[in-house]
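User: Can you walk me through the packing in this one? I'd like to start with what counts as touching.

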Amino acid sequence: MKITDVKTAEVRIKDDGKPTYLYHYVRIHTDEGVYGTGEASHVDGGWRGSTRTMAEQIIGKDPRDVDAIFEGIRRSYIFRGGMSGLGISALTGIEIALWDLAGKAQGVPVYRLLGGKFRDRVRLYVDSAMTNCRERAEEARSRGFTAIKFDLDDAGNPHKADPWNWSVTPGELEIMVDQAHEIREAVGDKMDLAIDLHGRYDATAGIKVAHALEDLNLMWLEEPVPPENIQALAHITHSTKTPICAGENAYLRYGFREIIEKQACDIIMPDISKCGGLSECRKIANMAESYYIPFAPHNNSSALSTVGDAHVCASVPNFLALEFHRFHDKTWNDVIDSDEAVIQDGHVALTEKPGLGVELNEDFLQSMMDEGEPLWQ
Ligand SMILES: [Mg+2]
């Protein structure tokens with residue numbers, strides 16, 4: 001089996017004519033007619049050019065040699081983003097498409113190729129942003145979700161002293177703590193609750209917030225400080241009872257090595273369709289497991305990559321919960337060509353279908369393109 005062609009699709013989803021999410025898909029074709037589809041997340045317009053340049057290296061190769069193709073491209077890109085950022089994210093889309101292809105070529109689901117599954121279904125948590133906490137908690141519970149996340153960072157907090165420094169004033173902290181208690185009350189004490197700070201505080205402020213939330217029994221407090229300084233993150237983690245989760249902007253095993261070795265956070269959250277793909281994130285999860293660190297991937301992708309993530313989450317023992325962002329909710333099932341909903345009872349159920357086990361709904365995606373513009377280019 002040989003790779004013959006690589007195509008990309010950039011789709012802006014519209015809701016009532018209003019543009020919402022932008023999804024980036026890659027499709028790899030072979031001489032045997034089997035194809036694989038992947039998705040890259042958090043990329044910009046340069047993604048298509050990078051994917052096309054990388055694709056030139058893989059024409060004629062056997063798509064089942066996923067790790068060797070991945071590493072070959074990565075090493076050739078070391079001066080152009082082969083360590084982190086857009087280069088790795090474009091490569092990630094290719095990697096996921098290769099896994100879909102490898103599974104289809106061998107007639108098995110991807111989790112079988114990743115070593116088999118520890119669980120039949122993968123638990124999701126609902127990212128509910130800063131919206132009405134009572135309504136969202138009730139909605140999540142009624143749909144079978146057992147974990148939920150809300151945002152607590154607010155650039156518009158009236159007690160914020162300065163738009164650039166990342167400190168927290170007493171008035172600001174008081175509002176945050178009151179909101180967090182209101183959220184916990186709305187969610188109840190049986191549901192897992194995470195709070196996100198989006199890396200928008202300095203180390204002192206991060207410690208103050210983490211300490212102030214200690215009695216809320218959080219599943220985690222996410223990214224109290226920006227991602228660049230692992231020592232500062234470790235300082236916060238080691239100073240509080242509140243579990244700290246981080247890693248949504250780290251890339252590859254190499255980017256997680258120091259975080260894990262320094263036990264700089266209590267829970268890691270790689271973005272699987274951004275930071276290296278299925279094989280790489282399984283390895284990251286395995287590294288974390290050796291420090292008894294749970295794996296709770298960040299995810300802001302469409303249903304295709306979310307199912308891809310679920311294959312990895314099923315294949316490691318230390319999986320905790322996978323993100324599902326409710327902003328995607330309205331068109332979530334439209335993107336996929338399936339009779340069954342991807343999310344059932346707050347979980348992604350894995351099937352015996354080969355590859356990722358889901359196909360894109362190309363009629364729906366084509367309907368999102370401009371008049372006359374082809375989906376795959
Ligand atoms: Mg986050």
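Analyst: Two residues are in contact if their C-beta atoms, placed from the backbone, lie within 7 Å. Note that this is a predicted model.

User: OK. What do the buried residues of α2 pack against?

Analyst: They pack against α1 (46–56), α3 and α10 (278–289).

User: Which residues of α2 are buried?

Analyst: In helix α2 (residues 66–76) they are V66, I69, F70, I73 and R74. These residues lie on the same side of α2, because they cover an arc of only 130° around the axis.

User: And what is exposed on the other side of α2?

Analyst: A68 and R75 are exposed there.

User: Switching to the core. How many residues has the largest nonpolar one?

Analyst: The largest nonpolar core has 111 residues, and L124 and I148 have the most contacts inside it. Helix α3 (residues 86–106) gives the most to this core, with ten residues. At least three core residues come from each of domain 1 (3–108) and domain 2 (113–349).

User: What does L124 touch?

Analyst: Not counting residues up to four places away in sequence, L124 touches F145, A321, L322, F324, I343, G346, H347 and V348.

User: Last one, Y35. Buried or exposed?

Analyst: Y35, found in strand β3 (residues 35–40), counts as buried because it has 21 C-beta neighbours inside 10 Å; the cut-off for buried is 20 or more.

User: Which residues is Y35 in contact with?

Analyst: Leaving aside neighbours within four places in sequence, Y35 is in contact with R27, I28, H29, T30 and L101. The C-alpha atoms of Y35 and A102 are separated by 9.1 Å, and these two residues are 67 residues apart along the chain.

Conventions. Residues numbered from 1 in each chain as written. Predicted model: local features only at pLDDT ≥ 70, side-chain atom pairs only at ≥ 80, totals over all residues. Core = buried A, V, L, I, M, F, W, Y, C linked by C-beta atoms within 7 Å. Buried ≥ 20, exposed ≤ 12 C-beta atoms within 10 Å, placed from the backbone. Helix = DSSP H or I, 4+ residues; strand = E, 2+ residues; numbered from the N terminus. Domains from an automatic or database assignment. Arc of directions from axis to C-beta.
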